[in-house]
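Here's a quick briefing to read with the model open beside you. Start by having a look around the fold, then come back for the details.

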Amino acid sequence: MQTPRFWREIDERYAMKGVKCGNCGSVLFPSRTLCPKCRHASYGKLTPFKLSGKGAVEAVTTVHAPPAGFELQAPYLLALVRLEEGPRVTAQIVDAKPDQVGVGTPVHAVFRRINTEGESGVIQYGYKFVPERATL
Ligand SMILES: [Zn+2]
């Protein structure tokens, strides 16, 4: 049975599943069907890879005027996180004050509610990051 795309994506978001290129060793997250570095040489060589969820902040900003659906969470911290395995992701930083997060702050992924979809009331979950305790 084919898993609907929607649920497959949720599953990937939850578990931080990406793929690893068997040609150059790059870890790709979110997963892709081709390695951007090796292109056709990576065909058939990408294998599922679970990321540790650990990384470090490369840039951080405080969002005061959020997009629709995120109003109740404002202001919040939005960061560019470089994961241990190499990929960069943009995600919210939670459980921290702005002065506790800066460039180089070690963080790890946690799974939290992202927002509630307007009228349908569907709750979306995904990863956010919290600073490692030692740095607080
Ligand atoms: Zn590659």
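In which loop is Asp95 found? Asp95 sits in the loop between strand E6 (88-93) and E7. Before going further, a word on what you're looking at: this is a predicted model, where local features need pLDDT of at least 70, side-chain atom pairs count only at pLDDT 80 or more, and totals for chains, interfaces and linings use all residues. Residue numbers start from 1 along each chain as its sequence is written.

**Overall layout**

- The protein chain has 1 helix and 8 strands; helices (H or I, at least four residues) and strands (E, at least two) are DSSP runs, numbered from the N terminus.
- Going along the sequence, the pattern reads α-β-β-β-β-β-β-β-β.
- Of the 136 residues in the protein chain, 21% are buried. Here, buried means that 20 or more other C-beta atoms lie within 10 Å of a residue's own, exposed means 12 or fewer, and partly exposed is in between, with C-beta atoms placed from the backbone.
- Among contacts with a separation of 6 or more, 51% are between residues 24 or more positions apart. Two residues are in contact if their C-beta atoms, placed from the backbone, lie within 7 Å.

**The E2-E1-E3 sheet**

- Three strands make an open sheet in the order E2-E1-E3, with antiparallel pairing. Its edge strands are E2 and E3, each of which pairs on one side only. (Two strands pair if DSSP finds at least two bridges between them.)
- E1 and E3 are antiparallel, joined over 5 bridges, and Gly18 has Phe49 in E3 as its bridge partner.
- E1 and E2 also run antiparallel, with 2 bridges joining them; Val19 stands opposite Leu28 in E2.
- The hairpin formed by E1 and E2 has 5 residues between the strands, and Gly25 in the turn has a positive phi of about 85°.
- Because 4 of the 5 residues of E1 are buried, E1 is largely enclosed by the rest of the structure.

**The loop between E2 and E3**

- Pro30 is in this loop, and a cis peptide bond joins Phe29 and Pro30, with omega at about -5°.
- Arg32 is in the loop between strand E2 (27-28) and strand E3 (46-50) too. Arg32 counts as partly exposed because it has 13 C-beta neighbours inside 10 Å.
- Arg39 lies in the loop between E2 and E3 and has a positive phi of about 50°, although it is not a glycine. With 10 C-beta neighbours inside 10 Å, Arg39 counts as exposed.

- E5 and E6 pair in the antiparallel sense over 6 bridges, and Arg82 stands opposite Arg88 in E6.
- Their hairpin has 4 residues between the strands, and Gly86 takes a positive phi near 120° there.
- Back to Asp95: this residue isn't a glycine, yet has a positive phi of about 60°. Asp95 is partly exposed, with 14 other C-beta atoms within 10 Å.

**The largest nonpolar core**

- The largest nonpolar core has 19 residues, and those with the most contacts inside it are Ala79, Val81, Ile93 and Phe129. A nonpolar core is a set of buried Ala, Val, Leu, Ile, Met, Phe, Trp, Tyr and Cys residues joined through C-beta atoms within 7 Å.
- The elements that give two or more residues to this core are strand E1 (17-21), strand E5 (76-83), strand E7 (106-117) and strand E8 (122-131). E5 gives the most, with 4 residues.
- Where does the core lie? Domain 1 (17-50) and domain 2 (54-135) both give residues to this core, so it lies between them; the domain bounds come from an automatic or database domain assignment.
- Leaving aside neighbours within four places in sequence, Phe129 is in contact with Ala79, Val81, Ala91, Ile93, Val107, His108 and Ala109.
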